[in-house]
Amino acid sequence: MILIKNGRVMDPQSGFDQVTDVIIKDDKVASIGDVKDESGFDQMIDATDMIVAPGLIDVHVHFRDPGLTYKEDICTGSAAAAAGGFTTVVCMANTAPTVDSVETLTDLLERAKALPIKMLQASAVSKGLKGEELVDFDAMKAAGAAGFTDDGIPLMDLNMLKTAMEKAKELDLPISLHEEDPAFIKAPGVNMGKVSEALGYGGASHLAEDVMVARDIMVAMETGATVDIQHISSGASVDLVRFAREHGADVVAEASPHHFSLTEEAVLEYGTNARMNPPLRTEADRMKIIEGLKDDVITIIATDHAPHSTEEKARGLEKAPSGIIGLETSLALGNMNLVDAGHLSMMKLLEKMTINPAKLYRLDAGTLQEGKAADIVIFDPEEEWVVKEFKSKASNSPFAGETLKGKVKYTICDGKIAYQE
């Protein structure tokens, strides 16, 4: 048994917020409340001045396994997740081979059983991510797919998209969409605007996202599917999601920490470590994303953890791959740029990183309540720390070397310590 003493226990689902104690027995939360007798415990954790919350859930990560494990693998990826306070992650399907077959999916889920956290796996929507032929949705769900996504590549065939949404609706699983129309991208990874002009780099227009979001929310309304707009970056797209939700569509949106923390100006300072799809955009876009987080148009914070090798990122803007790692810095960035900045309460931040992601993927998780799984993060919201080393195999982050505020101290998954500072 583990006793967590004197922590600020916060549960976004119930609204519970109290300085008290938590007892973990086996893999469950045995009790929440003041403990007088501290004997008989295998371990005691002093959580004074710390927050004790449900383990974080990230519905958008890339662990590059199988086939691209020089960037990351499920072991290093899960270690990075645990260091960031995450007890559950959903991996994307753009691996080599693509997760578009029962064989590949089953292999991953079997290997995931040995990890210190819970790794779920999304299935591709189309075979080989080619956008031409749908995977066998029924077989992939039966084999354990958490949802469906061709993340990294937009679905351009509208008839196929509608069929995919209808099938996802039938199976009661979410379908997650990468919204970038190639017609409005001269060069990927950088916003088409003053920074791309200064660099002589074509850039990607906000229109690339906006036209896809507008299209897809209408199809979502028609089909009734649960649709996740991934890593939203454009202020106009935030308004489109607001429209969809106001009109009854089951549409949710993710905001990535880099999109509410940085703007296109970061490319001038960090180079390829600020190149991502969709790109960092203007300060007006950043504030619209924060506005969407404040009024619950955007209900989920997800990292889009995208590891690449140092050699790949050194190729320059035109040739380097897009994406940054994010699992180990996500909570601190939310703490600094949303809570400390006065945009969200701590409870609201936790809601977008725990119970809301759990609801999207139909998980019995994201809560800290008696009888539930002992998936817990303990963190100090006031502690400052310098981003020096990563548990990830990769280090492609614009936040490397930066001082952040909010430090994960323990991550506990199913009653076992997955990370301890």
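Start by selecting β5 (residues 51-54) and β14: the two strands run antiparallel and are joined by four bridges. (Strands, E, at least two residues, and helices, H or I, at least four, are DSSP runs numbered from the N terminus; two strands pair if DSSP finds at least two bridges between them.) Click on Val52 and you'll find Ile378 of β14 opposite.

Before going on, some housekeeping. You're looking at a predicted model, where local features need pLDDT of at least 70, side-chain atom pairs count only at pLDDT 80 or more, and totals for chains, interfaces and linings use all residues. Numbering runs from 1 along each chain as its sequence is written, and side-chain values use heavy atoms, with hydrogens and water left out.

Pick Phe379 and its bridge partner in β15 is Val408.

Stay here for a pocket. The second largest pocket has a volume of about 310 Å³. (A pocket, on a 1 Å grid over the protein atoms alone, is an open set of points where a 1.4 Å probe fits, with protein on both sides within 12 Å along at least five of seven lines; lining residues have an atom within 4 Å of a point. Volume is the space filled by probe spheres set on the points, which are joined across faces, edges and corners.) Show Glu328, Trp385, Glu389, Lys407 and Tyr419, which are the closest to its centre among 19 lining residues. The elements giving two or more residues to this lining are α12 (330-340), β14 (376-386) and β15 (403-413).

Next, select the open sheet of five strands, ordered β9-β10-β11-β12-β13 with parallel pairing. Its edges are β9 (148-149) and β13 (300-301), each pairing on one side only. Inside it, β11 (residues 227-229) and β12 (residues 251-255) pair over three bridges, with Val227 opposite Val251. Then bring up helix α7 (residues 235-246), which packs on the sheet and touches β11 and β12, its direction making about 150° with that of β12. (Contact means heavy atoms within 4.5 Å; axes are lines fitted to C-alpha atoms, for helices over the stretch in contact, and angles run from 0 to 180 degrees between N-to-C directions.)

For the next stop, show Asn94, Gly152, His178, Asn277 and Ser322: of 25 lining residues, these lie nearest the centre of the largest pocket. That pocket has a volume of about 450 Å³.

Finally, zoom out. The chain comes to 14 helices and 16 strands, and its C-alpha trace spans about 65 × 45 × 45 Å along the principal axes.
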